[in-house]
Amino acid sequence: MLTTLAKWSVADYHQMITAGILRDRAVELLNGDIVEMPPEPPHHYTTAKRGAKYLETLLAGKADVRFNGPITLADSEPEPDIAIVRLPETTYRDRHPTPADIFWLIEVAKTSLAIDLEVKAALYATAAIPEYWVIDLTVPQLHILRQPQAGQYRDIQTRREGTLTPLVFPDITIALEHLLA
């Protein structure tokens, strides 16, 4: 006998949040599934927060840098560690950023590395997010994923040092030491 699991829509997920069903649960909606996320070690939080602050200084007046906030995709509502989205910030008073709003996303990973490089990468590529970075705390290194096509990123690079220029802001230079330290 084949068992079919129920898939949840973003609207269903929002109703569960409003009703308090998911209160005190660290979950994300990924591809219609409610996925429990592993707890973050202090190094993860510190790296993500420091990275968000660094990017805020570089992108002041150019983009809104969101820290640990949800984004809304077709059948998912992940919470990337950092989302760089269009201004003005007031756009997101009544909704979360959608793919049309997103310049690029950054996840910080140690225990979630496989999920971030496989599940979330496919999810973000399917949503046509032009650029996705994963800060790998195990090495440390940065995975840079670009050129989404057919549910996957075609250009994947790994860097441990130097500088990087995001696709959408060719006048901005990001020192990897500030993201990986």
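What follows walks through the sheet, the helices packed on it and the nonpolar cores of a predicted model.

The sheet is an open one, built from six strands in the order β3-β4-β5-β6-β7-β8, with mixed pairing. Its edges are taken by β3 (64–67) and β8 (152–159); each has just a single partner strand, so one side of each goes without a neighbour in the sheet. On average, and ignoring direction, neighbouring strands are turned by 20 degrees against each other. Zooming in on one pair, β4 (residues 82–85) and β5 (residues 102–109) run antiparallel and are joined over four bridges. Here V85 sits opposite I102 of β5.

Helix α2 (residues 42–58) lies across β3, β4, β5 and β6 (131–136), and runs at about 170 degrees to β3. Helix α3 (residues 113–126) also packs on the sheet, where β5, β6, β7 (141–149) and β8 are the strands it touches. The direction of α3 makes about 175 degrees with that of β6.

As for the nonpolar cores, the largest counts 26 residues, and L55, L59, I84, W104 and W133 have the most contacts inside it. At least two residues of this core come from each of α2, β4, β5, β6, β7, β10 (174–175) and α4 (176–180).

Conventions
Residues numbered from 1 in each chain as written. Predicted model: local features only at pLDDT ≥ 70, side-chain atom pairs only at ≥ 80, totals over all residues. Heavy atoms only, no water. Pairing = 2+ DSSP bridges. Axes fitted to C-alpha atoms, helices over the stretch in contact; angles between N-to-C directions. Contact = heavy atoms within 4.5 Å. Core = buried A, V, L, I, M, F, W, Y, C linked by side-chain atoms within 4.5 Å. Buried < 20%, exposed > 50% of the residue type's maximum accessible area, 1.4 Å probe, protein only.
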